[in-house]
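Here is a short briefing on one protein model. Keep the sequence and the 3D view open as you read.

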Amino acid sequence: MRTMPAPAMSLNPESVAIPDAALRSQLDNYARRHPEHAALADEFSTVLDDPENPFLRERLAGHFTGSAWLVSADGQRVLLTHHRKLDRWLQLGGHADGERDLAQVALKEAEEESGLTALVLEDGELFDIDKHWIPERKDVAGHWHYDARYVVRALGSEQFAISEESLALAWREIRDVANAAIETPDGDDSLPRMAKRWLAR
């Protein structure tokens, strides 16, 4: 269920400083682990510094989203969604809508979009980051998503329930995703990239 974002004026400095410092630390650690993404991590930090709240979808210059690399208990499969609006196979995730802890956004979106219970954040560290363009749709102009991805593990039943966000859900072998044996239109390589990163852990 979508929650309405809190008005920007209701934020106090302490409620912003703590989660923002945590995200900045995650970005710094991520850049050290993945120097090929250091420039993108810097761009994420620049967005974080913007006085216009980047955790709200109304910021059409670009805003943060949180996604889950949702793996099975044995770590061999990942749950993907055939996204209804974008008509593409993607990881589960969505808008922050004012929540500044993007790991919690990823976990909440994974729960809501899969119907699974007993989901846990693996470690709360950034697993991947991605900047991608969302085309204009109806009355919403095209804009950038700055997507923070976190590992979420399914410890209970794998019997999912398809939400209104999805046309379908499917557990896919991560080795198949790594070999690009999945729809990746427009040259989007983020799913194979994440799969290869997971297999290399």
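This is a predicted model: local features need pLDDT of at least 70, side-chain atom pairs count only at pLDDT 80 or more; totals for chains, interfaces and linings use all residues.

Residues are numbered from 1 along each chain as its sequence is written, and side-chain values use heavy atoms, with hydrogens and water left out.

**Helix 3**

- Helix 3 covers residues 102-114, 13 residues in total. Helices (H or I, at least four residues) and strands (E, at least two) are DSSP runs, numbered from the N terminus.
- From first C-alpha to last, helix 3 reaches 18 Å, close to the 18 Å expected at 1.5 Å a residue. The expected span is 1.5 Å times one less than the number of residues.
- Asp101 caps the N-terminal end, with a side-chain oxygen 3.2 Å from the backbone nitrogen of Ala103.
- Just after helix 3, Gly115 has a positive phi of about 75°.
- The buried residues of helix 3 include Leu102, Val105, Leu107 and Glu113. Buried means under 20% relative accessible area, exposed over 50%, and partly exposed in between (1.4 Å probe, protein chains only).

**Glu109**

- Glu109 sits in helix 3. Its relative accessibility is 9%, so Glu109 counts as buried.
- Leaving aside neighbours within four places in sequence, Glu109 is in contact (heavy atoms within 4.5 Å) with Gly66, Gly93, Gly94 and His95.

- Ala118 has a phi near 60°. Ala118 lies in the loop between helix 3 and strand 4 (119-134), and is partly exposed at 42% relative accessible area.
- Lys138 has a phi near 55°. Lys138 lies in the loop between strand 4 and strand 5 (143-154), and is exposed at 71%.

**Largest pocket**

- A pocket is an open set of points on a 1 Å grid over the protein atoms alone, where a 1.4 Å probe fits, with protein on both sides within 12 Å along at least five of seven lines; lining residues have an atom within 4 Å of a point.
- The volume of the largest pocket is about 1200 Å³.
- The lining has 44 residues, and His83, Lys85, His95, His145 and Glu165 lie nearest the centre.
- Elements giving two or more residues to this lining include helix 3 and strand 5. Strand 3 gives the most, with seven.
- By class, the lining has nine nonpolar, 14 polar and 21 charged residues. Ala, Val, Leu, Ile, Met, Phe, Trp, Tyr, Cys and Pro count as nonpolar, Asp, Glu, Lys and Arg as charged, and the others, Gly among them, as polar.

Conventions: A polar contact is a pair of N or O atoms within 3.5 Å; within protein, one must be able to donate a hydrogen and the other to accept it, and residues adjacent in sequence count only if both atoms are side-chain atoms. Grid points are joined across faces, edges and corners, and a volume is the space filled by probe spheres set on the points.
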